[in-house]
Structure formats: structure tokens, C-alpha cells
Amino acid sequence: MASQSPHDKLRSLPQVEEVLHDASLEALTESVPRDLVCDAVRTSIDEARQAILAGSDADTSIPSIVRATRMRLLALNRPSLRRVVNASGVIIHTNLGRSVLAPAAVQAVNEVASGYSTLEYDTDAMARGSRHSHCEQLICALTGAEAAIAVNNNAAAVMMVLSEFAAGHEAIVSRGELVEIGGSFRIPDIMAQSHATMVEVGATNKTHLFDYVRAVTPDTAMVLKVHPSNYRLIGFTESVAISELRSLADDENAAREQAGGTSGDKLLVYEDQGSGAFMRLTCFGDYAEPTVSESLQAGADLVSFSGDKLLGGPQAGIIVGAKPLIARLKKNPLARALRLDKMTLAALEATLRLYLNPENARREVPTLRMLTETSDEVRIRTKKLASMLKKALPADACEVSIVEEISRAGGGALPMCDIPTYCVQVKFLQGDALSCDRHLVSERLVPVVGRLKKDMLLFDGRTVLDEGEMQEIVCACTEYFEGIDR
């Protein structure tokens, strides 16, 4: 049969009413408004029309249009943001929502989300209160800071600090710390947006104290030290410690005071610590990140950090430091624009409360548990998953084994640190790792994210949270092997 011309194909496209009479679409109108069904049919027909005009051999039959319409309508009822099983071994996985909340934090969110709350109500004074008060006392108790404020992420915190204290003035930063992290957050761009004049000092690999000393002018408002996140210089490198910058600032401030300057003319030392840790993870040795309290003790006037990285809480940016400086930030117009909502505050407060007992935090905060548990503890969980997969999957289609591997902290934390772990390895005798990985991620309501290595699929036991997630992995793999032509 001769192929149809584009003109004939266009003429063969069905009318909307013809498609709507299909029994499966009529059934959908019981749960989906008819207007939405009609719009979906029109979109599917137009999609086919555009494909024909582009030269494609589009299927213009009613069954084809119905299938496209059903997929479009079913997608409306499928949430875009949904739970994922993270078997990748990346603990603070930025693409998968970073840190997993502790059960206490989840419960706190549920309680404030399901009714009214004391978000901005002081029950002691029986009057309007401040949402900043919910976490400040806990943060100060845990870090030794005089005061604190929390905003919606650390990028916002950096912007807020620079806007309040360096706008219209100079801020000095080492060239080796002019980093770009995920989502195109670049220190030079943030400087420009906050109307601070960035002064670069040092070389890419080495910055000395005298570089900062030579750069300070009467218009210098701040010395900024930036955590390099995933970026590291290795080898012939040198940087300046917070304590040295504190001495520099003290000398400069003494000179300004003698010259008749005011408290507003003081040179500040500010550290963007990035990940933010409340306890030193000694199990990582020299790789362990400095804690927030260590930076404050070393002399930083202000320190900002994330709530959803090493802290293991919800997305937030926390700023700690001297009380007069935090008071200025609370009055800044950005404080309202960047403030936390009630659910984030509830999760953050519950997470912080767990840190009052460090051992309890290690057990209850999933990020801390996954970072600090031994490889032997991971192996026990991995063996259980391997056993479940061996029982469920066809022996003639795959081989399941346990292998030693490396996990990563993720989220810009501990980038050079190899964390020993164990993985379940699936070797494919039928099908292949790539198509299985695509099925696990793209074709399930609950995606399962593992990692590919040499035509094999690995599931890292360190980031598999519980037996329920193990069962999801088993179900996902079973579905794949049942679907291939064996």
C-alpha cells in the first residue's frame, strides 16, 4: 500500500468528539472533569498534527490518540515530587532532596501542618511573637553563639549578610575561594547582586595573610572566607585561618577606633561554612569538617551554613554570631523575604533538639547515622537485601553478589573522603543494566536510584534506609525481569 501524503495524514486526524466516544476515555470522565479530558484530547491531536508537519510518520488512529490522551491524563494524578529509594550510596544527595529528616522532625512537621501553631504567637506574653525565636535559643546553646537567625537556604544567608554589612563597601575574598557550587551559585555573582565590591587577593593555589593586609582599605567592610564545597586544591597550597583573619581585623579595628571611627566602621570576619557541622566527625580523621563552634571560637564575627547538609535537617540557611550583628540582620528587609515557613521551622527545631544529646543525634539523625556507621554494620543490611533479591529474581536471568565499594557524603561535604561500604551487585545474564536502571527510575511511582558500574547495577546498603525500601528494590527488579522477553 502506498504511503499517505502529509496532506492525507492531516485529513485522517480524528475529530475531538470521535475520540471522546472511546469507552476508556468515557470511564475517565467519572474521575477527571470532562473539560480536562477534552483539552487533553485536543493536545494529543495537535501533537500528532505537529509531528506530521515536521515530516514524522505519526499514527493518526483513534486508538493511538486515546493512548496519548490517557497517558497525559494519568500524569495529572501522578505527583511530580514523590518518594525515592536512594541506593546510590550518596548520602546527602542534592538531586534527591539532600538529608533525610529524623522521625522526630517528621512528627513535628505533621503536628504543625495539621492545625494551627504558635508560629508568631508568644504564649507567655499572650501576644504576637517572632518566628525567629523558635530555633535561636537551641542554635546558640549548641554552637556557643550569642545570637542566630535562620533563613531559607545558605545562599540566601550569604546574600543577606553581604547586603547588610558590605553593600557599597569592599569585601575581601581569596581567589582560591571564588567557587561555583550547584545551581550556578557563584561568589562573584552574589557579591555583585548584594552591591558589595569584591576584592580578590592571593593566587589560585596560595593566599597568605599579607595578601589580606595589603588589600585592606578604610572602605573595607568585611573579610569573607568561603568553604570550597566540592572543589579542592591539592598539592602546593596555602590558605589563611580564621584566627589569623581575626588578628588582622582586631588590628585594623583598633586603628580605625584611634582615628575616630564608629562601631559601624568595624572590619568583620565572616565565614560561609557551607555544610555546617555541630559535632566533629572524628571517624573521618583529617577529612572531618570544622564545626560551627570552632569557627566562632577562632574569631569569626558571623558564620553561615546549611541546615540540610551535615546538620541533617530541612533546607535552611543559619547565621550565627555576635548579638548586635544578628539584630541588624533581623531588621533587614530580606529577613521577611527569606524567612522560613512553619513546617521548616518545626523540622529544624526538632532536629536541633536531638543534638542536645550527641549520641542520640548519631542514632536518630539519618545523615549522621549513615555517615558514621561502620562498614560492618552496612554489610549486615546489604546481606539482607542480597538474600531478598536472590530469592525473588530468576537465577537464569541474573547473578546477585555482595561487593566492597565506596560511598560518598555528597552535598559538597567531605569531598575527598572515601567511605567504605558494601553493595549488592546484579550481573545481567538476560536484559542489561542500562535498561533495568531506566525501568527502576523512569517507569515506577517510587523510583529506585542505584548506580551503574561495568554493565552491572549496584545497590549501596549504606543509603538504603529500612526493610521497606529493600522490598521496593526487590519489587522493582522483579518487575523488570518479568517484563523482558526471556
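The notes below cover a helix, a sheet, a loop and some cysteines.

This is a predicted model, in which local features need pLDDT of at least 70, side-chain atom pairs count only at pLDDT 80 or more, and totals for chains, interfaces and linings use all residues. Residues are numbered from 1 along each chain as its sequence is written, and side-chain values use heavy atoms, with hydrogens and water left out. Helices (H or I, at least four residues) and strands (E, at least two) are DSSP runs, numbered from the N terminus.

**Helix α4**

- Helix α4 covers residues 34–53, and its 20 residues at 1.5 Å a residue should span 28 Å, which agrees with the 29 Å between its end C-alpha atoms. The expected span is 1.5 Å times one less than the number of residues.
- Which residues of α4 are buried? They are Val37, Cys38, Ala40, Val41, Ser44, Ile45, Ala48 and Ile52; buried means under 20% relative accessible area, exposed over 50%, and partly exposed in between (1.4 Å probe, protein chains only).
- Seen down the axis of α4, these buried residues fall within an arc of 165°, so they line one face of the helix. The arc is that of the directions from the helix axis to the C-beta atoms.
- On the other side of α4, Asp35 and Leu53 are exposed.
- The buried residues of α4 pack against α1 (6–12), α2 (16–20), α3 (23–28) and α5 (62–76), where contact means heavy atoms within 4.5 Å.
- After α4 comes Gly55, with a positive phi near 95°.

**The four-stranded sheet**

- Four strands form an open sheet in the order β13-β14-β17-β16, with antiparallel pairing. Two strands pair if DSSP finds at least two bridges between them.
- β13 (398–407) and β16 (451–453) stand at the edges with a single partner strand each, so one side of each has no neighbour in the sheet.
- From one strand to the next, the twist averages 35°; axes are lines fitted to C-alpha atoms, for helices over the stretch in contact, and angles run from 0 to 180 degrees between N-to-C directions.
- β13 and β14 (residues 419–428) run antiparallel and are joined by 10 bridges. Val403 stands opposite Cys423 in β14.
- Helix α19 (residues 433–442) packs on the sheet, where it touches β14, β16 and β17 (456–460), and its direction makes about 45° with that of β17.

**The loop between β16 and β17**

- Lys454 lies in the loop between β16 and β17, and has a positive phi of about 50° although it is not a glycine.
- Asp455 lies in the loop between β16 and β17, and its phi is positive, about 60°, although it is not a glycine.
- Is Lys454 buried or exposed? Lys454 is exposed, with a relative accessible area of 71%. Asp455 counts as exposed at 71% relative accessibility.

**Cysteines**

- A disulfide is a covalent bond between the sulfur atoms of two cysteines. Here a disulfide is counted as a pair of cysteine sulfur atoms within 2.5 Å.
- By this rule the count is zero disulfides. Cys398 is in no disulfide, and the nearest cysteine sulfur, that of Cys477, is 7.8 Å away.
- Cys398 counts as buried at 6% relative accessibility, and Cys417 is buried with a relative accessible area of 5%.
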